[in-house]
Amino acid sequence: MSSRIELSGVGQTFLVRGNDDKKLREFVALDDLSIDITAGEFLTVVGPSGCGKSTVLDLIAGLTRPTSGTVSVDGRVITGPGLDRSVVFQQYTLLPWRTAQANIEFALEAGKKGERLSKAERVERARTYLELVGLADFASRYPHELSGGMKQRVAIARSLSYQPEVLLMDEPFGALDAQTRERLQEELVSIWDRTGTTVVFITHDIDEAVFLGQRVAVMSARPGRIQEVIEVDLDRSHANDVDLRATPEFAAYRHRIWSLLREQQVATRADAPTKEVAHVA
Ligand SMILES: Nc1ncnc2c1ncn2[C@@H]1O[C@H](COP(=O)(O)OP(=O)(O)OP(=O)(O)O)[C@@H](O)[C@H]1O
């Protein structure tokens with residue numbers, strides 16, 4: 001259950017107001033961005049702040065439409081959100097008045113096209129996914145009774161419960177402490193192994209990008225493009241016994257990406273191209 005995603009010549013322009021006057025200008029956030037994400041791949045995306053990472057995710061989620069180019073899933077151009085694609089944000093977005101179990105059951109009420117689950121099936125499905133993220137014993141807890149890491153696990157379980165073909169993650173571990181973050185990274189890899197879902201994961205953290213990604217897409221800033229896609233070939237078979245992050249191979253990947261991002265900082269002191277389009281009184 002996974003899908004191929006294709007971004008082809010994607011451009012995204014926003015209208016922004018100038019600092020010194022009230023003129024509206026076109027701000028080119030993405031320009032001619034292309035990438036092919038294979039079905040079942042785990043792709044991580046890094047890039048300087050403001051380079052357009054979240055914009056790319058929004059486009060795949062169908063929350064916005066590109067100004068130019070196309071975004072397609074399995075050859076179908078995306079025209080809006082759908083339950084074949086699920087998004088996990090940095091904030092947990094759980095309903096505070098529902099237990100962990102009930103949060104997932106609620107998400108399942110909408111149902112995918114052609115799939116209406118009965119109440120008993122929703123209960124069962126929610127239980128299965130809470131188990132998958134190691135929270136079976138916390139099913140009856142309310143969000144305020146869970147730690148940050150647990151809340152994010154419930155959010156991940158909820159996203160996976162309707163069995164999307166694509167899981168889109170926007171800095172999902174950004175608000176967590178370092179230890180919880182590493183544990184959740186390991187859990188996510190193991191969940192991905194078991195579900196085979198296509199994952200697009202955005203992060204600021206180079207270590208996180210290398211640890212999780214089969215490929216790391218490094219974006220350039222202003223306007224955002226894919227600067228380079230790096231294939232990560234690490235031996236993960238002993239990941240339980242070996243500190244993968246401490247190996248020389250891991251350090252080499254980290255350094256390569258760090259150098260690419262450092263080049264960016266030097267190259268992008270100037271602002272993005274803007275073009276005046278209107279004067280607002
Ligand atoms: N709706 C919008 N209207 C105007 N400008 C926008 C809009 N959404 C994003 N932008 C601009 O587009 C650029 C890319 O934003 P985006 O949030 O995608 O970047 P990002 O790489 O995810 O940033 P960060 O790493 O800081 O979260 C930014 O300069 C932002 O100000």
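Leu59 lies in helix 1; helices here are DSSP runs of H or I with at least four residues, strands are E runs of at least two, and both are numbered from the N terminus. The model is a predicted one, so local features need pLDDT of at least 70 and side-chain atom pairs count only at pLDDT 80 or more, while totals for chains, interfaces and linings use all residues. Residue numbers start from 1 along each chain as its sequence is written.

With 23 other C-beta atoms within 10 Å, Leu59 is buried. The cut-offs are simple: 20 or more other C-beta atoms within 10 Å of a residue's own make it buried, 12 or fewer make it exposed, and anything in between is partly exposed, with C-beta atoms placed from the backbone. Setting aside neighbours within four places in sequence, Leu59 touches Val10, Thr64, Pro66 and Val71, where a contact puts two C-beta atoms, placed from the backbone, within 7 Å. Ile257 sits 198 residues from Leu59 in sequence and 24 Å from it in space, C-alpha to C-alpha. Just after helix 1 comes Gly62, with a positive phi of about 85°.

Asp32, in strand 2 (residues 23-37), has a phi of about 50°, and it is partly exposed, with 15 other C-beta atoms within 10 Å. For Glu171, phi is near 50° as well. Glu171 belongs to the loop between strand 7 (166-170) and helix 5 (178-195), and its 19 C-beta neighbours inside 10 Å make it partly exposed.

On to helix packing. The axes of helix 2 (residues 100-110) and helix 4 (residues 148-161) come within 9 Å and cross at roughly 30°; axes are lines fitted to C-alpha atoms, for helices over the stretch in contact, and angles run from 0 to 180 degrees between N-to-C directions. Helix 2 and helix 4 are therefore roughly parallel, as angles under 35 degrees count as roughly parallel, over 145 as roughly antiparallel, 65 to 115 as roughly perpendicular and the rest as oblique. Helix 2 brings Ala100, Asn103, Ile104, Ala107 and Leu108 to this contact, and helix 4 brings Val154, Ala157, Arg158 and Ser161. By class, that comes to six nonpolar, two polar and one charged residues. In this scheme Ala, Val, Leu, Ile, Met, Phe, Trp, Tyr, Cys and Pro are nonpolar, Asp, Glu, Lys and Arg are charged, and the others, Gly among them, are polar.

Helix 2 also packs on helix 3 (residues 119-132), at an angle of about 120° and with the axes 9 Å apart, so the two are oblique to each other. Here Ala100, Gln101, Ile104, Glu105 and Leu108 of helix 2 meet Arg122, Val123, Arg125, Ala126, Tyr129 and Leu130 of helix 3. The class count for this contact is seven nonpolar, one polar and three charged residues.

Zooming out, the chain has seven helices and eleven strands. Its C-alpha atoms fill a box of roughly 55 × 50 × 35 Å along the principal axes. Of the 281 residues, 37% count as buried.
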